[in-house]
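Dear colleague,

I am passing on the structure we spoke about, together with my notes on it. Please look through the sequence and the model first, and then read on.

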Amino acid sequence: MLNQIKSSLKVCLNSIDPSIDISADEIEVSLLFDEKGDFTTNIALKFSKIYKQKPSDLAKLIINSFPSQDFEKIEIAGPGFINFFLKDQFFFRLLNFQNNRFQDQSSVNIEFVSANPTGPLHLAHGRGAIVGDVLSNLYQFYGHIVTREYYVNNTGNQINEFLSSILFHISSKHNLNLPYQQFYKGDYIQELAEKCFENFKNIFDSPKLSKDEELQIVNFAIENLVNQSLKTLKHSGINFDQITYETSIVEKKLLPEIIKELEKKGLVYHGQLHDPKDFQGTKKDNEITIFKSTNFGDDEDRAITKNDGTPTYFANDIAYHVDKYQRQYSKLINIWGADHLGYLKRLSSALVSLYPEVNFSVVFCQIVNLKRNNEIQKMSKREGTIFELDELVKEIGIENYRYFMCYRKNDTHMDLDIDLIKKENKENPIYYIQYSFARSQSVLEKTNNVISSNIELSFELKNLIKKIHEWDLVVFNSYKRNEVHLIAHYLESAASMFHSLWSSAKSNPNSKFLDDNNNLSEDAQSLLKKYQLVISEGLGILGIKPKLKM
RNA sequence: GGUUCUGUGGUGAAACGGAUAUCACACUUGACUACGGAUCAAGAAUUCAGGGUUCGAAUCCUUGCAGAACCGCCA
């Protein structure tokens, strides 16, 4: 019906002035859930200038030429809104809307989590994990072929320090006197060190480890952590299609070609930036390769090579994204934590200067605080008070975990209130939604016969029908904007309207779905089934199964 | 100091530039021999402050104030 009104409005506008071309996308029609009407459009306000008319006059012209057979009345309201009142007999038509849903089967790459392989996943990774997975579901909902990708940064200093920390533990526990320092602390390092020791026992017979032996050990340790992380994610319903290691990107040796390309565009020079923190040696012999990211509004130019000639993290990251681009996705989406906010400019400008047509976007997830007993829990790696993701999921359950990670806009700070999440009542939205679904199911199960009687079109019933009709609009909007919280909010509000309708039957028995003999009208049946379908689709995108019984 | 984000009832949050700013909690009332009360109904805001753009601003621009994240040749 929304689309029908839209196209009728387009015809009206065209008949008013054929020389003006307004595209269907510019015509906004939305639903009303109060006494003002059932549908509304602002086009008379929006286009009054183009048509050189006062908004109210334009609205009048539109109404005069609008095919009004489906409507009780169409009126001008406020400064120039046009409100439509649907005839009662057409309400149940609003439930049939999903026949020609938008489809786009192009392939999309969504990269998320991509945690450093030097420790277990914790709360901070959890939000990006869910947002990435739900976004993937959303793209799949519209037919896209989605690759969920996990990137492992297994090179660089952090890896050396990680290895050193493991060997330090082995050395001190088994009195081996190996020359390694401790960087990372924590129980998981000790456990990992033990595993490495068990697996490579014979290596430690000699007093010194070769480079090759070190490599074996660190790879084993990384593999172990990555698998553990993937297992944690799998437990919360997240499965990756592709794991990409930084080393495999390095092996492809894309960097020289990339630097050459950027050089051609005048975006690379050799020289010096400020002294790095651990700078050693003389300045003269330390010319590095630098990307001119200030051309794109970045604060500073960024190094592509370090003073020892090896590529920076940034350099390898360009190569990684070039690699992704070359795999021919129509769209690349990254989910990043807020700590990468300042990193976007340099990466996207490098990527865009290489491939101006690239469709690359980043969805940022802000910090999550853990709230318990009404207090924000301070978390610190040093004090060992990091809350591992595994524990969180165990404590609150997958459904709660997934829902609550989605119900705030991704770029706002969020407090995850453990006590609230564990409640089983209205305060917990996911519970409230599931309860409405179970209620609808109980009616369907109690039904003796489906009959062709009429159900009274109360205010509450109309609202619920309209809400169901609105689903397509909401989910499409959520997809266009990469904002998954819109779905969570829709579900909550749909459930609220369902409960309202349910309770209205207390004061108005005609609003009951079932009659005294447990007969259900056809209309009511199609309403309930459609409600279940919409809720199932919405929860499905969030990765949650609806409950038939609770 | 720079870059980016945020500022909405007592609290936590919603709101493609649209009408009377929505939801939950807390607080105050009212509704249960129930199609599952695990619910429903009723009650509160000068949207941080000033200026601008617009028919129309929580939303866009600008100034100020307050808070957060980031600001290595670390990843």
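The lining of the largest cavity is made up of six nonpolar, three polar and no charged residues, where Ala, Val, Leu, Ile, Met, Phe, Trp, Tyr, Cys and Pro count as nonpolar, Asp, Glu, Lys and Arg as charged, and the others, Gly among them, as polar. The residues in question are A115, N116, P117, G119, L121, Y150, L225, V226 and S229, and helix 7 (residues 211-235) gives the largest share of them, three residues. The space in this cavity comes to about 40 Å³, and the structure holds one cavity of 30 Å³ or more.

Some words on terms and conventions belong here. On a 1 Å grid over the protein atoms alone, a cavity is a set of points where a 1.4 Å probe fits but cannot get out, whereas a pocket is an open set with protein on both sides within 12 Å along at least five of seven lines, and lining residues have an atom within 4 Å of a point. Grid points are joined across faces, edges and corners, and a volume is the space filled by probe spheres set on the points. Helices (H or I, at least four residues) and strands (E, at least two) are DSSP runs, numbered from the N terminus. The model is predicted, so that local features need pLDDT of at least 70 and side-chain atom pairs count only at pLDDT 80 or more, while totals for chains, interfaces and linings use all residues. Residues are numbered from 1 along each chain as its sequence is written, chains are lettered from A and ligands numbered from 1 in the order in which they are written, and side-chain values use heavy atoms, with hydrogens and water left out.

Chain A is divided into domain 1 (2-86), domain 2 (104-251 + 366-422) and domain 3 (429-542), with bounds that come from an automatic or database domain assignment. The centres of domain 1 and domain 2, taken over C-alpha atoms, are separated by 53 Å.

The second largest pocket has a volume of about 970 Å³, and of its 27 lining residues L2, N3, K6, D472 and L473 are the closest to its centre. Domain 1 and domain 3 each contribute at least three residues to this lining, which divides into eleven nonpolar, ten polar and six charged residues.

Helix 13 (residues 398-406) is largely enclosed by the rest of the structure, because seven of its nine residues are buried, that is, under 20% relative accessible area, with exposed meaning over 50% and partly exposed in between (1.4 Å probe, protein chains only).

Lastly, most residues other than glycine have a negative phi.

With best wishes
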